[in-house]
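Please keep the 3D view open as you read.

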Amino acid sequence: MNQKNLLEVDWSKIPAPTDDGGAAHLRGTKLPSVSLRATNDTAVDLSQLAGRTVVFAYPRTGEPGKVSLVDDWDMIPGARGCTPQTCSFRDLFADLKAAGARHVFGLSTQSNPYQAEMASRLHLPFPVLSDEQLKLTEALQLPTMEVAGLTLIKRLALVIDDGRISHVFYPVFPPDRNAGDVLAWLKENQR
């Protein structure tokens, strides 16, 4: 099964990911110094950012009209929903900032040129970071999945305070509610 519309998804037909413990070690972790290329043509080192930062990670966004990476993409728990997740962060961006997020970033292992096209097409008000070389993914031991020979980050969201992970949302399902869950947490945990 492959639901063609990237934004309108019937989540009841998509298998939910389970908590495999892949992110259990992250809370309280100090981020390593890793420079990542952003879609706004800057280099970002999350460990050096002052204040509260929200980073949401996802396997890979789709392209309208293009074939999925694999035929059964929708049936891989946690794979489907990257575009709805990203759009939910776009739509709640001002609210996230008002609730104390100094920075908001998307993160995937897709290339920067691919992400830049997506960021432009979706009119994102925040940069998306490319970990194509898996430097941050490996340094933090982020939960990953292997699909079609590619290492992809499993969907999660991190709240980072002055370079240290304060909270982790994992697993994330349904993806389009992730930004709302992060926003609620930010409001309850004002700094």
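What follows goes from the sheet to its helices, then to the nonpolar cores and the cysteines.

This is a predicted model, in which local features need pLDDT of at least 70, side-chain atom pairs count only at pLDDT 80 or more, and totals for chains, interfaces and linings use all residues. Residues are numbered from 1 along each chain as its sequence is written, and side-chain values use heavy atoms, with hydrogens and water left out.

**The sheet**

Start with the open sheet, where 7 strands follow the order S2-S1-S5-S4-S3-S8-S9 with mixed pairing. Helices (H or I, at least four residues) and strands (E, at least two) are DSSP runs, numbered from the N terminus, and two strands pair if DSSP finds at least two bridges between them. Strand S2 (43-45) and S9 stand at the edges with a single partner strand each, so one side of each has no neighbour in the sheet. From one strand to the next, the twist averages 35 degrees.

| Strands | Bridges | Residues opposite each other |
|---|---|---|
| S3 and S8 | 6 bridges | Arg 52 and Asp 161 |
| S8 and S9 | 5 bridges | Ile 160 and Ile 165 |
| S1 and S5 | 2 bridges | Arg 37 and Ser 130 |

Buried means under 20% relative accessible area, exposed over 50%, and partly exposed in between (1.4 Å probe, protein chains only). By that rule 6 of the 6 residues of S8 are buried, so the strand is largely enclosed by the rest of the structure. Leu 156, Leu 158 and Ile 160 point one way, while Ala 157, Val 159 and Asp 161 point the other way. In the hairpin that S8 makes with S9, there are 2 residues between the strands, and Asp 162 takes a positive phi near 50 degrees.

**Helices on the sheet**

H3 lies across S1, S4 and S5, at about 165 degrees to S5. H5 lies across S3, S8 and S9, at about 130 degrees to S9. Axes here are lines fitted to C-alpha atoms, for helices over the stretch in contact (heavy atoms within 4.5 Å), and angles run from 0 to 180 degrees between N-to-C directions.

How many residues of helix H1 (residues 82-91) are buried? The count is 8 of its 10 residues, including Thr 83, Gln 85 and Ser 88. Their cover includes strands S3, S4 and S8 as well as helices H2, H3 and H5.

**Nonpolar cores**

A nonpolar core is a set of buried Ala, Val, Leu, Ile, Met, Phe, Trp, Tyr and Cys residues joined through side-chain atoms within 4.5 Å. Of the 26 residues in the largest one, Phe 89, Leu 96, Val 104, Phe 126, Val 182 and Leu 186 touch the most other members. S3, H1, H2, H3, S8 and H5 each give two or more residues to this core, and the largest share, 5 residues, comes from H5. Another core, of 24 residues, lies apart from it, with Leu 36, Phe 105, Leu 140 and Leu 158 among them.

**Cysteines**

The structure holds 0 disulfides (pairs of cysteine sulfur atoms within 2.5 Å). For Cys 82, the nearest cysteine sulfur is that of Cys 87, 11 Å away. Cys 82 counts as buried at 3% relative accessibility, and Cys 87 is buried with a relative accessible area of 5%.
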